[in-house]
Amino acid sequence: MSEFALQLLYTFDGTIRLATPLILCAMAGIFSERSGVIDISLEGKLLTGAFVAAAVAHTTGSPWLGVGGAILASVCMSMIHGFACITHRGNQVVSGLAINILASGLTVTIGIALFRQGGQTPLLAKGERFGPTEWWLVDLFNHVPILGTIYRELISGHNMLVYLALFLVPVSAFILYKTRFGLRLRAVGEVPAAVDSAGVSVIWLRYRALILAGLLCGIAGAYLSTAQGAGFVREMSAGKGYIALAAVIFGKWRPVPALLACLLFGFLESASSRLEGVPLPLIGEVPTQLMLALPYIMTVLLLAGFIGKANPPKAIGEPYIK
Amino acid sequence: MKSLVKFFAAATAMAVATVAQAADFKPAVIYDMGGKFDKSFNEGVYNGIKRFTDETGVEVMEFEVTNETQREQAMQRMVQRGATVVLGVGFAQADAISKVASENPDKLFSIIDVNWLDHPNLRQYAFKEHEGSYLVGIAAAMASKTGTVGFVGGMDIPLIRAFACGYVQGAKSANADVNVIQNMTGTTPSAWNDPAKGGELTRAQIDRGADVVYQAAGGTGVGVISAAADAGKMSIGVDSNQNHMAPGSVLTSMLKRVDVAAYQTMKDAMSGDFETGVRNLGLAEEGVGWALDEHNAALITDEMKAAMDAASAAIVAGEVSVHDYRSDNNCPM
């Protein structure tokens, strides 16, 4: 396999790693927004999940318990959001921002109180985080040209949460489009009055959507601190929640297009890490600054020019009043 | 009798003077972005401060800067709270300390990683990081099986380029054919605190053949060390001794003795013997070096140790001069 193709393969490999938290958060955003609740608080839930996962994994020594803790904490955050803007009909954007600020401060404060390391958690040891999972038959396929390399580098060797994230995309699509719950969820984001007149509780439906959103963000947070990284560092979500929200809009509130948008963002980030300092044909060596800015430039261009008409759920952002 | 009275009087006066001085002495330290426990640069300072507090019992006021606008405010506030000596951590605080030092000529100031200011009440510490990096570059080139080694920097600034340049020179001195891949994490201060990006850059370098990766990136370096350990490759720590972070995978650490600088500052200010001006700490002054402990003893072969010791002696004796990127903003390699 040529050197260029191999590097391209590694870039795709990095794409999957970097896109995983975005994919989970985007699915969370789709559930929440399809039910009519704007979810700016993806970022805050992600950060909360990251912190709790690292703290629990360090204390108990089990990354799976960490995921459990992260889901619980993230769902709690989601419920605060729901309490403010579903039950009390507060402004959803304001409530979401409040959650983000709360998460940013709370994680560091609790971190200092628990571990006395300036808001970080201690570095996680090998057994306390998700390691790569080697797939079956890697050795066997190794001898197959091209496909063997692709199998080994691209498909095998990620950690469990990566596969879980990819698996949850078709599951999300199935729930949204093939189940009664999904039908009602979509309806409640478009014409909540119709759902209400059919005798289904709008409030309970929206709460369930937010529970799902919290669950997915919790897994994403656990991925950041216990799979991709090895411990919690303050503000480690670094805007990924917002990028996921952009992917939701980019994907027009549908799971599969949103997945593709997340993969695109992941690819741009992965490519910028890899192309830095490498001389390109025709252009020569690209300056560091340009490579670092590339994902953002592309995002602006794509969002401005190529998205086409995006129709958000009609009732989004509006609290339901009987 | 008379002499005895005199003696007691003098002794009492001295005791009073010491007490008064101790009561007046109020030290403060401003940690920079990355935070007190970045396992690297700021933590080195913290270790020096802790040693001072343990020895003397004097508490040091502290503040951790979390965004760029806080540096000057924090320094002003420390002075207002009665600090008699303020230690700034890192080049990014240069402008702030310059302003506050000129406004408060009766207070003492000290700053690490700065050598271009000029105030009668300011002590500046500069380190010859390129010399320490040269030594770990030798170790990296000798430990590498692939002939490719990597470097991950934090924010793209001349100081970090100096680390990289010294490292390249050292690696090439041990193996002229070695290939060095260099990456910078970012161009803003957030590049000091992005372990995910650090890990991704490291994986990219490993994919391109690197098997030893040196990082000078503050908190971002945590990601470099864990990514290298995950891949079964080696990394090199920086500033503090980071060998313990992934035992068996961290080849060595380039030590920058900021703890000594912090300790000296506090100790001298307390004793009243505070010389200002610039202090350049290199290999000869033991301001930089490399770490050998139980965590990496198995990784450092006798040949590596001999080569590094020989290079160190040659640099101290002036037979080898390591080019400093900061002198002309250029790396000859």
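Two strands are taken to pair if DSSP finds at least two bridges between them. Helices (H or I, at least four residues) and strands (E, at least two) are DSSP runs, numbered from the N terminus. The model shown is predicted: local features need pLDDT of at least 70 and side-chain atom pairs count only at pLDDT 80 or more, whereas totals for chains, interfaces and linings use all residues. Residues are numbered from 1 along each chain as its sequence is written, and chains are lettered from A and ligands numbered from 1 in the order in which they are written.

**View 1. Strands S3 and S4 of chain B.** Strand S3 (residues 85-89) and strand S4 (residues 108-112) of chain B run parallel and are joined by five bridges. Val89(B) has Ile112(B) in S4(B) as its bridge partner.

**View 2. The open sheet of chain B.** In chain B, six strands with parallel pairing form an open sheet in the order S2-S1-S3-S4-S5-S11. Strand S2 (61-64) and strand S11 (277-281) of chain B stand at the edges with a single partner strand each, so one side of each lacks a neighbour in the sheet. On average, neighbouring strands of this sheet are turned by 15° against each other, direction ignored. H2(B) lies across strand S1 (27-31), S3 and S4 of chain B and runs at about 165° to S1(B). Axes are lines fitted to C-alpha atoms, for helices over the stretch in contact, and angles run from 0 to 180 degrees between N-to-C directions.

**View 3. Gly277 in strand S11 of chain B.** Gly277(B) is placed in strand S11 of chain B. Gly277(B) counts as exposed because it has 11 C-beta neighbours inside 10 Å (buried: 20 or more other C-beta atoms within 10 Å of its own; exposed: 12 or fewer; partly exposed: in between; C-beta atoms placed from the backbone). The C-alpha atoms of Gly277(B) and Asn121(B) are separated by 8.4 Å, with the two residues 156 residues apart along the chain.

**View 4. The two domains of chain B.** Chain B is divided into domain 1 (2-128 + 259-281) and domain 2 (129-257 + 288-328), with bounds from an automatic or database domain assignment. Contact (C-beta atoms, placed from the backbone, within 7 Å) involves 18 residues of domain 1 of chain B and 19 residues of domain 2 of chain B. Helix H2 (41-56) and helix H9 (258-271) of chain B each supply at least two residues of the side of domain 1 that touches domain 2.

Definitions and conventions: Contact = placed C-beta atoms within 7 Å.
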